[in-house]
Amino acid sequence: MMKRYIIMAFITTSLCSCAVVKEYEKVNINDPDMTLSEKKADRNVTTAHSYREAAVGANGGKTGGGCGCN
Amino acid sequence: MEAAAVIDKIKIMKRIIIIFCLLAFAKTYSQTFQESTTVYKKRVLETTEVDFLSSYYTQDGDNAAVSGGIGTEELTDATGTFVVSIPLNDDDILTIDAGVSAYTSASSSNIDPFDDGPADAFQASSGASRSDLWGNVTGSYSHSSDDRNKIWSTKLSVSTEYDYFSVGLGGSYTRLFNEKNTELSISGNVFIDTWNAIYPIELRPFGENVNGLNNPFFTRNNITGNANYNPNFTPFDSEGRNSYSLGFGFSQILHKNVQGSLAFDFVQQQGLLSTPFQRVYFSDVPDSFIDNFQLADDVEKLPDNRFKVAIGGRLNWYLNEVVVLRTFYRYYFDDWGITSHTASIEAPIKITHKFTLYPSYRFYNQTAADHFRPYETALSTDEFYTSDYDLSEYNANQFGFGISYTDIFTKAHIWKFGLKSIDLKFYQYDRDTSFSSHIITTGFKFIMD
């Protein structure tokens, strides 16, 4: 039973992700606040985190090198 | 009759051949027509853009790594960066990113706490190590294919500070599919770094070919507590540190108002991963002092390899014309025993067509590194040890607030550059230990006329 739910969830997710949004429908997606990266103004905040925290990466920030920290 | 049938067949064949030829000609002509039609290609970047980013950062706490996990962590840092993006043609962009960061640190001033007044881990010293300047220049070049579905880029970076020098080289390739609804990317970076190792002042006389307690440093300063001070110190053989990272990205438009992404980063670091001026105090060695400052038993010792894995996801949702939700989650682990969760949410609120507010919250936690030892708990028999509380277990909360001004008509000008946007943000960061920090960031974006 559980297997079925997992397979259904997988198929539903796959189908959702296959739905194509046309260029003329991307007005909201193209809003500057919708970008899938950090804003440039936040770059120094991310750098401060990479100095003070053990975890780095997967956020567009530094992953190593360039300073004596981390 | 048979001859007539053959003639009919020949006529039919002729018609088929003529129709085939006509079709072939029509197809060829249409292809030629398509090939000769000029396809409009939008420039990847219309004009030169300049970003000026700055920040002012302050922090404080009671667990300075320089003084073995006890002492002031007070630090201020001011950073200024210019990012200039220049379109070389319709497809190519050259970006120059140059920044300078100047910091003043009470804890690093205590690399030599004995240069003025009574030494104390909770007070800053006025020595040369009190401040430093970090400089960085990165040049990157990107090329987009005619259909804008393939993008490759390469970059070269150099950064330097008094005791550290780094050269980095990287590249990435991005492929868009599914009418630009799906994006896959791969990236790689290599950093070749070199330390100019600086050790705590009291350990230097115990390096190779020096005279230990007979050094003038110890004749000038009187040792209290264990007067037979004999640290377990050997300078590091190698001062190089190399980092190699490989990243994979996947992003997908899920709906006309929702899009998300996944990122996987793998990082391998090799070389001197210890920080040479961070002291460690052993619990099985009697303590020695000069003034109120405890003398180091050693500097931190960490393995010369570290493998890090980070898996992150973003989901952005355009709720309506006023509010957007931006969310982020990351799971991280490494072979030093640290696992970490990061989650953040930001909700940009458009209050007018020019002004947007940016309230945000971020949660972070991590477990301690296997080799982390709080102040005075490491043993002299341990192979590895550090009292750097950045590698300890903790939770942290960060609250942020910002405001952004955008003028799409760029009316305000400085020389040939029109001001497009101004960002101003403030973040307050608190650990569940004594550590806290604040940062104010500004960003100005200009576009060339």
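**Note on the predicted two-chain model**

1. Start with helix α2(A). Eight of its ten residues are buried, so the helix is largely enclosed by the rest of the structure. Buried here means 20 or more other C-beta atoms within 10 Å of the residue's own; exposed means 12 or fewer, partly exposed lies in between, and C-beta atoms are placed from the backbone. The buried residues are Arg43(A), Asn44(A), Val45(A), Thr47(A), Ala48(A), His49(A), Ser50(A) and Arg52(A). They pack against β1 (49–60), β2 (75–87), β23 (417–431) and β24 (436–448) of chain B. Helices (H or I, at least four residues) and strands (E, at least two) are DSSP runs, numbered from the N terminus.

2. Conventions. This is a predicted model: local features need pLDDT of at least 70, side-chain atom pairs count only at pLDDT 80 or more, and totals for chains, interfaces and linings use all residues. Residues are numbered from 1 along each chain as its sequence is written, while chains are lettered from A and ligands numbered from 1 in the order in which they are written.

3. Confidence. The predictor gives the complex an ipTM of 0.85 and a pTM of 0.86. Chain B has a mean pLDDT of 90 (the predictor's confidence in each residue, from 0 to 100). In chain B, 91% of residues reach 70 or more. A contact is two residues whose C-beta atoms, placed from the backbone, lie within 7 Å.

4. Interface. On chain A, 35 residues are in contact with 65 residues of chain B. Helices α1 (2–18) and α2 (43–52) of chain A each supply at least two residues of the side that touches chain B. The most comes from α2(A), with five residues. By class, this side of chain A has 14 nonpolar, ten polar and eleven charged residues. Ala, Val, Leu, Ile, Met, Phe, Trp, Tyr, Cys and Pro count as nonpolar, Asp, Glu, Lys and Arg as charged, and the others, Gly among them, as polar.

5. Chain A overall. It has two helices and zero strands. Buried residues make up 44% of its 70 residues.

6. Domains of chain B. The assignment gives domain 1 (1–37) and domain 2 (44–448); such bounds come from an automatic or database domain assignment. The C-alpha centres of the two domains lie 71 Å apart.

7. Nonpolar cores. A core is a set of buried Ala, Val, Leu, Ile, Met, Phe, Trp, Tyr and Cys residues joined through C-beta atoms within 7 Å. The largest has 23 residues; Val66(B), Val280(B), Ala296(B) and Val299(B) have the most contacts inside it. A second, separate core of twelve residues includes Ala310(B), Ile338(B), Phe372(B) and Leu391(B).

8. Three strands of chain B form an open antiparallel sheet in the order β8-β12-β13. Strands pair if DSSP finds at least two bridges between them. The edges are β8 (224–225) and β13 (293–294) of chain B, each pairing on one side only. Two bridges join β12 (residues 288–290) of chain B to β13(B). Phe289(B) stands opposite Gln294(B) in β13(B).

9. One loop residue. Thr234(B) lies between β8 and β9 (240–255) of chain B. It counts as partly exposed because it has 13 C-beta neighbours inside 10 Å. Thr234(B) and Glu208(B) are 26 residues apart in sequence and 7.5 Å apart in space, C-alpha to C-alpha.
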